[in-house]
Structures are given as C-alpha cells and as structure tokens.
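Take a look at the model first, then try each task before reading its solution.

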Amino acid sequence: MTDLLRIEDLHVSFATDTGPAPAVGGVSLSVAPGEVLALVGESGSGKTVTARSVLGLLPATATAHGRVLLGDGTADPEEDVLTASPARLRALRGTHAAMVFQEPSTALNPVFTIGWQLTEGLRAHGHGGSKSERRALAIEWLDKVGIPDPATRVDHYPHQLSGGQKQRAVIAMALALGTRLIVADEPTTALDVTVQAEILELLHRCRTDFGTAVLLITHNMGVVADLADRVAVMRAGQVVEQAPVRDLFAAPAAPYTRELLAAVPDFGTGGRARPAAADVAGQPVVRASQLVVDYPGRLGSKGFRAVDGVNFEIHPGEMLGLVGESGSGKTTIGRAIAGLTPVTGGRLELFGEPLTRKRKAVAGRIGYVFQDPATSFNPLLTITDSIAEPLVVHRRELGAKEIRTQAEALLEAVHLPRAYADRYPHELSGGQRQRASLARALALRPKLLVADEPTSALDVSVQAKVLDLFAELQQELGFAALFVSHDLAVVEQVADRVIVLHRGRIAEEGATSQVLGSPQDDYTRRLVAALPVPDPVRQARRHHSPVAEGVTGP
Amino acid sequence: MALVLVRRLPLPRLRTGVGVQRAMLLTGLVLTALFVLTAVLGPALAPHGYAQLRDTEGLFGSQQHPSGSHPLGTTIAGYDVLSRTIWGARTALLIILAALLLSVVPGTVLGLVSGYLGGRLDRLLVGLADALYAFPPLLLAIVMSIVISGGQSSLVGGLGAAACSVAVSFVPQYFRVVRAEVIRVKSEPFVDAARVIGTGPWRIMTRHVLRNSVRTLPLIFTINASEAILTLAGLGFLGFGIEPNSAAEWGYDLNRAVADVTSGIWWTAIPPGLGIVLTVLGTTLLGEGLTDLADPRLRRRTDAPVPPADGGGDGD
C-alpha cells in the first residue's frame with residue numbers, strides 16, 4: 001500500500017543557551033491513506049515536534065535531519081518537507097497535509113469572520129472560482145462539519161462560536177482544501193468531555209466520509225482507544241512501540257507501554273477500596289447552604305453567577321469529589337472555601353463558624369493545592385522556603401531552626417529527596433512540584449484540604465503517583481478533602497462522595513460508585529457517556545450503546 | 001534594593017548574544033565604563049580644577065588655542081576646557097544617581113502598593129501619574145530650578161533642581177511599569193497560595209510580589225540615565241544650571257561656547273558636546289542591549305540556522 005506520509009529516521013534538536021537539546025532522535029513512521037495513526041507519549045517525548053515537522057512548522061531554533069516524505073496517496077511519497085523550498089511548502093500545506101491545533105481559539109484570527117478564514121485558504125491555493133462561489137463552498141463545508149445554521153455562521157467572528165464549533169471550523173478549513181492528511185495536535189485537550197466526544201465523532205467522519213488520514217497527537221489514552229487504527233508510543237524522542245490499537249491495549253510489548261497503560265485511570269472499573277473514614281456523625285468541616293457566588297460584570301453589564309444556590313457538606317475525613325465541565329462553578333466553590341473569592345449569597349460555614357472577613361482564624365486550618373504546579377510557587381524562593389512559609393506566618397515562635405527541620409520532614413513525607421530542599425521550583429519536574437505543593441498545603445496539619453485539579457497539568461504516570469501519595473497522606477493524617485476535577489476517572493479513583501455540577505447548580509450527588517456507576521440525572525449520564533475509556537473494545541461497544549448515542553451520534 | 005537590581009542584570013548573557021546585538025551591548029558597556037571611570041577618577045585625571053583660572057604662571061587667558069599646558073585650549077571665561085570636561089562627568093554621574101534615587105524608590109513603592117491594593121487609591125495614583133506625564137519635563141525642570149534657587153545656583157541647588165524635575169517625570173514611568181507587573185504577578189497562583197496560607201498583605205507584597213515585579217527596572221534605569229543627563233544639560237544650556245564656580249557642567253559650557261562657534265573657535269564646544277553625546281549613547285546602547293538579551297524572543301542564537309524566509313517570494 002502506498003503511504004501518504006513517511007518519516008524516515010527523523011532527528012530534531014533545539015539550540016538553547018546551554019547547547020543543543022535533542023527533541024527527536026531517529027523516529028520512523030508512516031501513515032497510509034484513510035488511516036488514523038495516534039502518536040502518544042508524555043510531555044517532552046517529542047510527539048508534537050514530530051508532528052510539526054510534517055508541515056515544516058518547526059521553530060527557527062530547531063535543526064532537523066532525516067526525511068519527512070509527503071505524498072498524495074497515489075504514488076510513493078517523494079516530496080521531502082525538510083528540504084522543500086518555502087514556496088513548495090506553502091503549496092503542500094493545506095492540500096497534502098493540514099494542521100488542527102490544540103487551542104481552537106488561538107488558531108483562528110479574531111478579527112476576521114469564519115467564512116473569510118475558510119475562503120482565504122481556498123484563495124491561496126487557487127480553488128473555488130469567484131468570490132460568491134467560494135462563499136457557497138465555505139457554507140457547504142461548515143454544514144458538513146456539523147455547524148448549525150451555516151449560512152449565518154459563515155459571517156460570525158470566532159468569539160461568537162463555542163470552543164467545539166471553533167474546532168469544527170478549523171477542521172472544515174482543512175477539509176475544504178481536500179487535504180489528504182490532518183495532523184491533529186491534542187485536538188480535544190482544551191475542550192470539555194462532552195464537546196470532546198463530538199469532535200472525536202467528527203474526526204471519525206473525516207475518515208469514513210472524506211477518506212482523510214489523521215495523524216493524532218494525544219496523551220489521552222481514551223481518545224486513542226476511541227479513534228486510532230494504529231498507535232505509536234513515543235518516549236524521550238524515540239518510538240518505543242508501534243502496533244494496531246487493539247493489540248497495543250490487549251498486549252503491550254514494550255515495558256514503557258505497559259507502565260503507561262497501567263497508570264491510566266480506567267473509568268468504570270470501580271473506585272479504590274478503602275475503609276469508610278468519613279465521620280458522618282461529627283460536625284461537618286464545611287457546610288454550604290444556598291451558596292451563591294457572582295462575578296461582577298463590567299460597568300453596565302450584568303454579572304455572571306458562577307455558583308447558584310448550592311447546598312453541601314463535607315464531613316471530617318471525607319473525600320468529596322466535585323466534578324463538572326468548564327464554567328460549572330467547581331473551581332469557584334473551592335476558591336470560595338479558601339477565601340480567594342468572596343461569597344455573595346447564602347451561607348458558608350467552616351468548622352462550624354460562619355465565614356467572615358477575618359480569615360486568620362481559619363487560614364491555618366485549610367490547605368490548598370493548585371492546578372498548575374509551575375506557577376503556584378514563587379520562582380525566587382527555594383522549595384524549602386516555600387514549604388516553610390505557612391509555618392513562618394503562623395508559627396513564628398518555633399524559630400528558624402525548628403521551622404527548617406519541620407519543612408524538611410514535610411519534604412520527606414511527600415517522598416521528595418532531601419537534596420531537593422534548596423532547589424528552586426523551576427529545577428523540579430511537574431510531579432515533584434505538585435508533591436511540594438502538597439507538602440506546603442499540609443504544613444499546618446489542616447483539617448481540610450482543597451485540591452483544585454491537582455493532577456490535570458501532569459502526565460498520566462506522574463498523576464498516578466501523585467494520586468497514590470494523596471490517598472496515602474489522607475489515610476495517615478485523616479484530613480477532609482474537596483477534590484475538584486473535570487476528570488471523572490480520577491474522581492472515581494479518589495472520592496468517597498461525588499457532586500456533579502452543571503452551570504452553577506448541583507445536578508447530582510451521592511456515593512461515588514452510585515453517581516458514576518448508575519447516574520440518574522440526564523446531565524451526569526451524558527458526562528459519563530462522553531468519557532472515552534482507555535480500552536478500544538469497550539469504547540467501540542459504548543459507541544453503539546443506547547445511552548451514548550444521544551451524545552455522540554451525528 | 002539596589003543590590004537586587006544589580007543582580008538582576010542579565011550580564012552573564014553577554015556571551016550568548018551575537019552580531020549587532022552583541023556589538024551594541026559591548027559598545028554601551030565600554031562607553032558607560034569609560035564615563036564612570038572618568039567621573040570617579042576625575043580629580044586625578046584633570047590637569048586643573050573646574051573653577052581654576054590661574055596657576056603659578058599666572059592667568060590661563062581667554063580663548064587660548066590648544067597647547068601643551070592646555071591640551072584643549074581655554075574658554076572665553078578662561079577655564080581649562082579639558083579639565084572642565086572631565087569634571088563635568090562627575091556632575092553628570094551625580095545627577096544620574098540623584099535622579100534615580102529620587103524616582104526609583106517612590107515609583108516602585110507607589111507602583112507596588114497601588115497595583116496590589118487596587119481600588120480607589122489605585123485610580124487616584126494612576127490619574128496623578130498620567131497628569132504628571134502630561135508636563136513637558138524641561139519646562140518642569142525650569143520651574144523647579146527657579147523655585148529651588150531662583151534660577152542661578154550652587155552645585156546642590158542646581159543638581160537638586162534637575163534631579164527633582166527628572167524624578168517628577170520618571171516616577172510615573174517606574175510607577176507604571178511596576179504597577180503593571182504587580183497586577184500581572186498578583187494574579188499568579190503563588191500569590192493565591194500565599195493568601196490561602198493567611199499571609200498578610202504587607203508580607204505578600206514584599207516577599208512574593210516585589211521581587212517578581214522589578215526585573216525590567218534595570219533596563220528602564222539605563223535608558224532613563226541618559227534622559228537625566230540631557231535634562232541637566234538642557235537646563236545648563238538655557239542658563240538655569242549650575243554656576244561655573246560650583247561645579248563643571250557640560251550644558252553650561254556648551255551655552256558659553258555658542259558665540260565661539262561663529263568665530264572659528266571649535267575647541268570650547270566640541271569636548272562638552274562629545275561628553276554628552278557619548279555618555280547618552282553609552283547608557284542608551286547598554287539599556288537597549290540588555291533589553292534585547294533579557295528577552296529570549298529577541299535574543300538571537302549563534303547555532304540556530306537562518307530562519308527560512310517563509311513569507312518571502314524566493315520560488316523553487
């Protein structure tokens with residue numbers, strides 16, 4: 001079979017202040033017409049660099065060797081992208097291969113209409129005849145990718161479209177040029193899970209309806225199981241394993257693949273088995289009744305109600321999961337409890353006392369773990385200084401020496417080597433920083449820990465370790481926790497009880513296994529159905545199950 | 001504070017710069033170093049004092065041609081030009097230090113408080129800063145020098161006037177830059193992290209926000225140094241500067257040399273003029289060079305291939 005794309009022994013390295021840094025070291029891949037090849041790996045594995053080299057989109061600091069051959073599927077590919085002239089590259093981009101980026105809102109120019117941007121590509125490649133013909137073509141393609149009311153939408157600006165619609169428009173731009181290969185770099189990572197399901201469905205259709213091949217770059221094993229025909233696993237710039245998707249999931253050959261798959265939280269296989277530590281009889285750590293949080297609008301415009309009349313309690317020692325899509329108000333609730341966002345209505349009680357402006361009384365009793373470990377540390381303080389900060393603020397009487405000893409003990413508790421004590425945050429990896437973040441949150445032995453998406457910025461194998469640590473410390477110290485996450489599989493693993501939020505209101509709440517196992521609410525059911533499970537066989541079955549059809553069907 | 005600023009200078013980057021950027025930075029460094037050395041070693045370098053009119057052999061004489069005893073001749077008032085030019089560097093360095101001290105400290109503190117606390121105080125300070133911006137600095141300097149010393153003045157009076165007026169026009173600059181950075185930094189999660197812990201606002205400002213907000217200051221610092229010199233020289237040129245017997249000042253000397261130029265006397269105008277030009281050029285180049293090197297996007301790398309002319313029309 002002739003290939004659309006053949007990468008032969010690709011090496012890419014970047015020039016940095018400290019000398020060349022290799023990113024890709026000898027990758028060979030091929031994509032056949034109509035095939036979906038998934039390139040998976042953790043951050044820094046070189047998957048994005050490999051994908052970008054297909055379109056000659058490497059930054060100026062990169063040097064590439066090897067061959068990236070691109071063809072039109074009729075004959076063996078012979079056009080080398082790496083040595084092609086700029087003019088030839090422009091001709092290849094769009095017609096032979098097109099790119100779909102992670103963040104649809106930045107891939108579209110905000111000052112032009114969707115229709116203009118679609119026809120711009122057609123015009124650049126000399127397609128479509130007159131202006132009105134091109135416009136008709138644009139409307140036709142917007143319709144084909146499932147954008148409702150395409151005749152009006154064609155004149156809309158990107159900000160008037162939702163994230164999913166923008167991603168559809170980007171895909172339409174690729175398809176309109178008759179591209180044979182779509183390079184999709186994390187196309188659904190920035191999207192909510194229900195929207196992700198729709199975009200995956202569209203990518204399915206790209207193949208079945210238009211015969212387009214897809215080079216899919218992702219870290220999400222669920223997405224791979226859903227879409228891919230073949231999988232190439234990358235690690236440290238090299239392909240460690242290449243196999244058809246079912247073989248790979250059923251019998252991974254490389255040890256790294258086995259590790260990777262083992263680390264993926266598998267939704268629907270039951271939560272962790274742990275003794276019920278929650279003390280339901282005792283006084284709740286947090287009690288919210290009719291909680292309302294408004295974000296003030298700009299002058300003259302109405303504010304935004306992020307949380308709208310929410311009631312819940314967190315009992316001592318309980319792990320409460322808070323799930324929902326973006327904009328559901330889950331993070332706002334966490335921030336309100338920590339006093340970072342003012343409560344505008346209802347009642348919020350912490351440790352039996354109503355929340356007041358004087359936060360000093362409760363400040364030491366709440367720990368907070370932030371989503372992005374890269375930005376939640378002061379870059380100018382060492383890790384120990386940061387961990388010691390709560391002690392310095394609240395327990396100054398201990399003295400510098402004792403505080404330092406305690407900070408080092410905390411480092412040990414989160415399994416960070418003592419050698420890391422005097423390092424700066426940027427000298428630690430993401431997972432190590434998140435451990436340090438946990439140490440800082442626990443420095444004052446809080447009764448309540450708020451964790452806001454603590455693992456969503458981490459690679460999956462690191463996530464597994466951090467979650468284990470989280471569970472271990474919770475067992476040991478017995479704090480109650482509010483675990484905010486968009487990832488149902490993670491919440492299923494850690495939480496005793498789950499609250500599903502939808503547009504600032506509680507859609508469903510109850511024991512984890514009950515809410516996620518047999519959801520009663522319509523919205524919860526859609527959420528659960530939209531989540532791709534990391535198992536191609538089960539995922540294919542879910543595609544055809546009645547509950548999934550309402551969501552993922554065309 | 002000053003130590004922090006100096007440590008923040010991306011001087012180790014010197015080795016990584018290339019081409020024009022590196023040449024700019026090196027030129028700036030050399031010129032600035034020459035200027036500072038001249039200022040510091042002035043008393044040892046200059047053959048005569050700045051206000052000296054005679055030596056053991058009698059009066060220097062007015063408008064003498066360059067000669068062995070006066071390598072750059074004498075002015076109309078009978079001062080030695082070379083000596084006055086060298087002593088002038090001292091005055092220029094003093095004005096830079098005075099102006100920066102008077103503008104960096106209040107500008108940074110106000111920017112920090114205004115940016116972090118926000119609210120009504122912030123709006124008031126921003127309005128004030130904008131209003132100050134609207135004044136032409138030289139006009140302000142003239143008014144200030146009249147207020148302080150009635151126009152003609154001693155070293156302290158003249159320097160004070162120039163420094164105050166320079167500070168008034170620089171405080172808004174530092175204020176704005178620091179405030180903008182503080183507003184960016186205060187929404188960073190690590191500041192939230194400090195607030196969750198229960199850290200007080202003053203500790204957050206000094207420990208977490210301040211040091212993360214001043215990294216661009218050294219760059220404005222060098223660029224503003226040249227403005228300080230120009231303002232003092234402008235004042236001196238207009239006759240509001242420092243009396244010749246209080247200190248040597250390039251602007252004043254230039255003013256006195258105006259009439260000489262038409263009568264073919266070149267040596268009185270060119271040395272102080274060059275002093276101003278080279279010092280301003282040096283500090284500006286240094287500032288620009290540091291800005292470029294501090295920003296990785298502007299920093300060119302030696303081993304990177306020439307970026308492909310993607311938009312260019314070089315066909316196949």
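The exercises below concern a predicted model, and each one comes with a worked solution.

**Exercise 1. Describe the make-up of chain B: how many helices and strands does chain B have, and in which pattern do they follow each other?**

Start by counting the elements: chain B has 11 helices and two strands. Next, walk along the sequence, and you will read α-α-β-β-α-α-α-α-α-α-α-α-α. Then turn to burial: of the 316 residues in chain B, 44% are buried. Finally, look at contacts with a separation of 6 or more in chain B; 72% of them join residues 24 or more positions apart.

**Exercise 2. Work out how helix H9 of chain B packs on helix H10 of chain B.**

First locate the pair: H9(B) covers residues 217–237 and H10(B) covers residues 250–262. Their axes lie 6 Å apart, at an angle of about 35°, and the crossing of H9(B) and H10(B) is right-handed. Now list who meets whom. H9(B) brings Leu232(B), Ala233(B), Gly234(B), Leu235(B), Gly236(B) and Phe237(B), while H10(B) brings Trp250(B), Gly251(B), Tyr252(B), Leu254(B) and Asn255(B). Sorting the residues of this contact gives seven nonpolar, four polar and no charged.

**Exercise 3. Find the domains of chain A, and describe where domain 2 touches domain 3.**

Begin with the assignment: domain 1 is 5–262, domain 2 is 286–365 + 448–518, and domain 3 is 375–443. The C-alpha centres of domains 2 and 3 of chain A are 24 Å apart. To their contact, domain 2 of chain A gives 12 residues and domain 3 of chain A gives 10 residues. On the domain 2 side, helix H17 (residues 460–477) of chain A gives the most, with seven residues. That side divides into 10 nonpolar, one polar and one charged.

**Exercise 4. Explore the largest nonpolar core: which residues have the most contacts inside it?**

The core has 241 residues, and those with the most contacts inside it are Leu215(A), Leu216(A), Phe483(A) and Ile95(B). Its largest share, 15 residues, comes from helix H3 (residues 81–117) of chain B. Now take one of the residues named above. Beyond its neighbours within four places in sequence, Leu216(A) is in contact with Val36(A), Leu37(A), Ala38(A), Leu39(A), Ala184(A), Leu227(A) and Ala228(A). As background, nonpolar side chains tend to be buried together in soluble globular proteins.

**Exercise 5. Show how helix H14 of chain A is covered, and what its buried residues pack against.**

Helix H14 (residues 383–394) of chain A has 12 residues, nine of them buried. Among them are Ile383(A), Glu389(A), Pro390(A) and Val393(A). The buried residues of H14(A) pack against helix H15 (400–413) and helix H16 (430–441) of chain A, together with helix H7 (189–197) of chain B.

How values were computed: Residues numbered from 1 in each chain as written. Chains lettered and ligands numbered in written order. Predicted model: local features only at pLDDT ≥ 70, side-chain atom pairs only at ≥ 80, totals over all residues. Helix = DSSP H or I, 4+ residues; strand = E, 2+ residues; numbered from the N terminus. Buried ≥ 20, exposed ≤ 12 C-beta atoms within 10 Å, placed from the backbone. Contact = placed C-beta atoms within 7 Å. Axes fitted to C-alpha atoms, helices over the stretch in contact; angles between N-to-C directions. Left-handed = near helix turned anticlockwise from the far one by under 90°. Nonpolar A, V, L, I, M, F, W, Y, C, P; charged D, E, K, R; others polar. Domains from an automatic or database assignment. Core = buried A, V, L, I, M, F, W, Y, C linked by C-beta atoms within 7 Å.
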